[in-house]
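Here is a short briefing on one protein model. Please look over the sequence and the fold before reading on.

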Amino acid sequence: MKTVYDIMDRTEKSLIKFDQACEEAAVSKFIVAEKRISSVLQCIAGSSILYEFISECLNGFDFKKETASLMRTIDGRLKLAIDVLPRRKRIAYVFSLFYSFDSRQNELLKFIQKYYSSNNVNLEYSEFCKEILLPFKYDIFNELAESDQ
């Protein structure tokens with residue numbers, strides 16, 4: 001018979017794997033970026049707590065509509081202003097963005113060159129991670145922590 005500690009341990013491990021996958025993606029070079037983003041998505045799919053939480057965030061979310069509304073020109077550069085979204089919508093947006101890369105609906109290289117152009121793909125990817133991937137992880141953990149209270 002499973003105890004609450006078995007369930008807690010499994011949940012905790014899935015959150016640790018998710019955290020590690022995000023960190024590995026953030027420190028990787030662009031050449032393995034798609035594989036790392038896929039690993040982040042696999043961690044979400046393999047974790048009942050993350051899967052259910054992301055599903056809640058995606059309820060009623062329209063990725064294409066949000067993308068169009070978030071495009072801004074800042075200092076002559078095209079940017080996605082995802083930081084203006086409420087936290088759960090940001091989570092839904094980033095998850096949908098990652099899914100679009102993984103399912104080949106969008107190309108990661110074209111995306112980062114469009115929004116993070118610097119003539120160095122590794123620097124562009126690093127900026128992408130600082131602005132999108134790591135805040136995604138923190139947003140999820142903050143939401144989960146707040147929902148436990």
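Predicted model: local features only at pLDDT ≥ 70, side-chain atom pairs only at ≥ 80, totals over all residues.

Residues are numbered from 1 along each chain as its sequence is written, and side-chain values use heavy atoms, leaving out hydrogens and water.

**Overall fold**
- The protein has 7 helices and 2 strands (DSSP runs: helices H or I, at least four residues; strands E, at least two; numbered from the N terminus).
- Along the sequence the pattern reads α-α-α-α-β-β-α-α-α.
- Buried residues make up 40% of the 149 residues (buried: under 20% relative accessible area; exposed: over 50%; partly exposed in between; 1.4 Å probe, protein chains only).

**Helix H4**
- In H4 (residues 63-70), Phe63, Glu66, Thr67 and Leu70 are buried.
- They cover an arc of only 105° around the axis, which puts them on the same side of H4 (the arc is that of directions from the helix axis to the C-beta atoms).
- On the other side, Lys64, Lys65 and Ala68 are exposed.
- The buried residues of H4 pack against strand E1 (71-74), strand E2 (77-80) and helix H5 (87-102).

**Ser96**
- Ser96 lies in helix H5 and is buried, with a relative accessible area of 13%.
- Ser96 touches Leu58, Phe61 and Phe63, not counting residues up to four places away in sequence (contact: heavy atoms within 4.5 Å).
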